[in-house]
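Here's a quick briefing to read alongside the model. Have a look at the sequence and the fold, then come back for the tour.

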Amino acid sequence: MNAGMLRVGLGRDVHPLVPGRPFLLGGVELPSDRGEWGHSDGDVLTHAVTDAILGAAGLADIGELFPPSQAAWKDADSLKLLALAFGLVQKAGWRLINLDCVVTCERPKVLPYRDRIRASLARVLGVPEQAVFVKGKTNEGLGALGAAQAVEALAVCLLERP
Ligand code: MG
């Protein structure tokens, strides 16, 4: 295989969990008595993915592109923000090879929704579902994550420019 230039990217995000908000991961709503607090819709996984992809391309971070101080991004659909960010990355000549993610939360369980989440992210990024993976982990009861007061997401991606 004749690879072009390869770049790895890393993203991380954390959101508090509060009652009365949807629990969103990659645009998929999981049943939960609480959800992510945030200026946008709070989709922690989509934010981590957006930062990973922007970082790999060396373009910006999500807070620079979509500042929480701007009313336009209030309750914004994070998948739309990801699509906008990925558009910039593609414009710079990059294509996504793969994406791997870890979501840490005590509940709900991610596994029953994993493949829907993979499909949702893959659709926005225009890659096969096999190129996107998501793992759910608990924090073994430790700290704010372990007390189900917060959810964290990590994402790593590989971009190629021919
Ligand atoms: Mg965020």
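Is Ser-120 buried or exposed? Ser-120 is buried, with a relative accessible area of 5%; buried means under 20% relative accessible area, exposed over 50%, and partly exposed in between (1.4 Å probe, protein chains only). Keep in mind that this is a predicted model, where local features need pLDDT of at least 70, side-chain atom pairs count only at pLDDT 80 or more, and totals for chains, interfaces and linings use all residues. Residues are numbered from 1 along each chain as its sequence is written, and side-chain values use heavy atoms, with hydrogens and water left out.

- Asp-13 and His-47 are both buried.

- H4 covers residues 114–125, which makes 12 residues, and reaches 17 Å from its first C-alpha to its last.
- That is close to the expected 16 Å, where the expected span is 1.5 Å times one less than the number of residues.
- The buried residues in H4 are Ile-117, Arg-118, Ala-119, Ser-120, Leu-121, Ala-122 and Leu-125.
- They pack against quite a list of elements: strands E2 (23–25), E3 (28–30), E5 (95–104) and E6 (132–137), plus helices H1 and H3 (78–91).
- Ser-120, which belongs to H4, has a side chain that reaches the backbone oxygen of Gly-26 at 2.5 Å.
- Beyond its neighbours within four places in sequence, Ser-120 is in contact (heavy atoms within 4.5 Å) with Gly-26, Gly-27, Val-28 and Leu-79.
- Just past the end of H4, Gly-126 has a positive phi of about 65°.

**How the strands line up**

- Two strands count as paired if DSSP finds at least two bridges between them.
- E1 and E7 run antiparallel and are joined by 12 bridges, with Val-14 opposite Glu-152 in E7.
- E5 also pairs with E7 (residues 150–161) in the antiparallel sense, over 9 bridges.
- Along E7, Ala-155 stands opposite Cys-101, while Glu-160 is the bridge partner of Arg-95.
- E5 and E6 are paired in the parallel sense instead, over 6 bridges, and Val-103 stands opposite Gly-136 in E6.
- From E5 the chain crosses through H4 to E6, and this β-α-β crossover is right-handed; with the strands pointing away from the viewer, the path from the first strand over the helix to the second runs clockwise.

- Leu-25 lies in strand E2 and is buried, at a relative accessible area of 0%.
- Setting aside residues up to four places away in sequence, Leu-25 touches Leu-30, Glu-36, Asp-43, Val-44, Leu-45, Val-103, Val-110 and Ile-117.
- Leu-25 and Arg-118 are 93 residues apart along the chain, yet their C-alpha atoms are separated by 9.7 Å.
- Thr-46 is in helix H1 and is likewise buried, with a relative accessible area of 0%.
- A polar contact of 3.0 Å joins the side chains of Thr-46 and Asp-43.
- Such a contact is a pair of N or O atoms within 3.5 Å; within protein, one must be able to donate a hydrogen and the other to accept it, and residues adjacent in sequence count only if both atoms are side-chain atoms.
- Among the contacts of Thr-46 outside four places in sequence are Gly-26, Gly-27, Leu-79 and Leu-121.
- Leu-17, found in strand E1, counts as buried at 8% relative accessibility.
- The residues that Leu-17 touches, leaving out those up to four places away in sequence, include Phe-23, Arg-34, Ala-148 and Val-151.

Terms used. Helices (H or I, at least four residues) and strands (E, at least two) are DSSP runs, numbered from the N terminus.
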